[in-house]
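Welcome! Here is a short tour for anyone meeting this structure for the first time.

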Amino acid sequence: MRLKPVVLILLASQAAVAAESSPTPETTPSPAQALHCERLFDARSGKMLGEHTIVVREGKIASVLPGRAKLADGTQSIVLTGRTCMPGWTDLHVHLGQQSNPQSYSEGFRLDPTDYAFRSVGYAEKTLMAGFTSVRDLGGGVSPHLRDAVNQGLVKGPRIFAAGKSIATTGGHADPTNGFNSELEHLLGPPGPTEGVINSIDDARQAVRQRYKDGSDVIKITATGGVLSYAKSADAPQFTVEEVRAIVETADDYGYKVAAHAHGAEGMKRAVLGGVTSIEHGTEMTDEVMSLMKQKGTWYVPTIYAGRFVADKARIDGYFPAIVRPKAIRIGSQIQQTAGRAYKNGVKLAFGTDMGVGPHGDNAREFLYMVEAGIPASYALQAATVHAATVLGVDDQGVIETGKRADIIAMPGDPVAEIDNVMKVDFVMKDGVVHRQPAIE
Ligand SMILES: [Zn+2]
């Protein structure tokens with residue numbers, strides 16, 4: 001996908017060696033694997049089907065057969081007794097470079113980027129093992145590099161669609177110098193488009209182009225204030241429509257989708273009018289914004305998990321700075337209700353947790369929160385599979401169909417009948433490679 005030239009050379013020379021040592025590689029059939037699943041969730045229709053056999057070859061789904069299919073000789077069988085198979089999940093909103101804790105704010109001054117990079121290795125593996133074969137990392141300098149390390153097989157983790165550094169305006173939610181004292185601010189100078197801070201249409205274009213240079217896959221903007229930034233307002237609008245439009249138009253040049261963090265209605269409205277692909281959090285979404293989103297086909301990624309997490313932690317003295325605490329209580333406790341209302345209103349929902357706020361690896365709990373909000377379990381599962389692929393703009397994942405990537409997970413029981421089963425994932429395959437498998441019963 002995004003291999004550096006040196007890697008391409010390595011692969012080419014390895015291929016040459018392989019060709020020399022095996023005289024007729026093209027006639028040797030590659031070993032196939034067959035997964036026997038007691039149930040299969042059809043993400044496209046949202047229906048739970050009965051027993052199926054999924055044949056996997058060279059990282060792709062070769063066929064999907066009803067019942068316990070008879071297989072060609074040499075096929076390796078994996079029997080998933082009592083389990084439901086479904087496409088690997090995608091969490092559309094994570095930050096793999098961080099995880100909130102009472103020291104998060106001072107860590108920003110003490111830790112090196114390398115420290116965050118090492119932490120992200122463990123977070124990536126936990127995320128994959130929980131059944132998330134893809135994530136969209138919406139902000140953090142670590143993510144493009146982590147993506148490359150995963151793709152090169154150096155780190156176990158999900159497929160990463162990386163935003164790199166988020167884009168904000170001065171003092172906005174993703175201004176990296178928020179909360180700095182004046183001397184430090186003076187020393188560093190005002191952050192600009194390279195650091196993700198823009199204040200004009202020209203800056204907006206430059207910031208997107210810089211992300212292209214940095215190797216991003218998607219653009220993230222912070223359309224309103226946020227909960228965890230060292231700033232007073234969580235919901236004031238922080239971009240003009242023209243600035244959002246300039247970002248979206250420039251992103252289009254590079255084939256990038258734009259994700260907009262937003263809590264307040266005005267900033268959300270400007271982001272939707274500016275043409276973003278998804279609204280993240282969407283806390284104070286009004287009926288007017290919902291209609292506009294339906295009209296423009298904008299997706300909603302609620303991140304209920306993060307809302308509940310910050311509202312809980314705000315009750316603990318000293319967990320958050322004083323300026324953050326009231327925002328966490330007020331905003332955090334509203335998201336779940338907004339998600340339920342948006343679903344009833346016909347807004348399209350896709351799955352995201354904002355993990356990195358909460359603990360990586362617990363991502364599937366969002367499904368429980370979605371169901372609690374009144375969203376049907378089958379829709380919540382579609383939100384993390386087929387809907388998520390649409391939001392990412394890819395058509396090779398999110399469903400179990402011939403020719404798609406073999407990203408397949410399984411768990412005991414039927415999660416549509418009993419949503420708690422999503423917490424019991426014990427089989428994880430990504431691109432045809434098994435990363436987790438239940439003990440033979
Ligand atoms: Zn986030």
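## Aromatic pairs

Searching the whole structure turns up 10 aromatic pairs (rings of Phe, Tyr and Trp, the last by its six-membered ring, with centres within 6.5 Å; planes under 30 degrees apart are stacked, over 60 edge-to-face, the rest tilted). Tyr-305 and Tyr-369 make a tilted pair, with 5.8 Å from centre to centre and 50 degrees between the planes. This pair links distant parts of the chain, 64 residues apart: Tyr-305 sits in helix H10 (residues 304–313) and Tyr-369 in helix H13 (residues 365–372). Helices (H or I, at least four residues) and strands (E, at least two) are DSSP runs numbered from the N terminus.

Both Tyr-305 and Tyr-369 are buried, where buried means under 20% relative accessible area, exposed over 50% and partly exposed in between (1.4 Å probe, protein chains only). Trp-89, Phe-132, Phe-351 and Phe-367 form one aromatic cluster.

## About the model

This is a predicted model, in which local features need pLDDT of at least 70 and side-chain atom pairs pLDDT 80 or more, while totals for chains, interfaces and linings use all residues. Residues are numbered from 1 along each chain as its sequence is written, and side-chain values use heavy atoms, leaving out hydrogens and water.

## An enclosed strand

Strand S3 (residues 52–57) is largely enclosed by the rest of the structure, because 5 of its 6 residues are buried. S3 runs antiparallel to strand S1 (residues 33–42), joined by 5 bridges, and Ala-34 stands opposite Val-55. (Strands pair if DSSP finds at least two bridges between them.)

## The zinc ion

His-93 (NE2), His-95 (NE2) and Asp-354 (OD) coordinate the zinc ion at 2.0 to 2.2 Å. Donors are N, O and S atoms within 2.8 Å of the metal (3.2 Å for Na, K and Ca); water is not among the atoms, so sites may look incomplete. Both His-93 and His-95 are buried.
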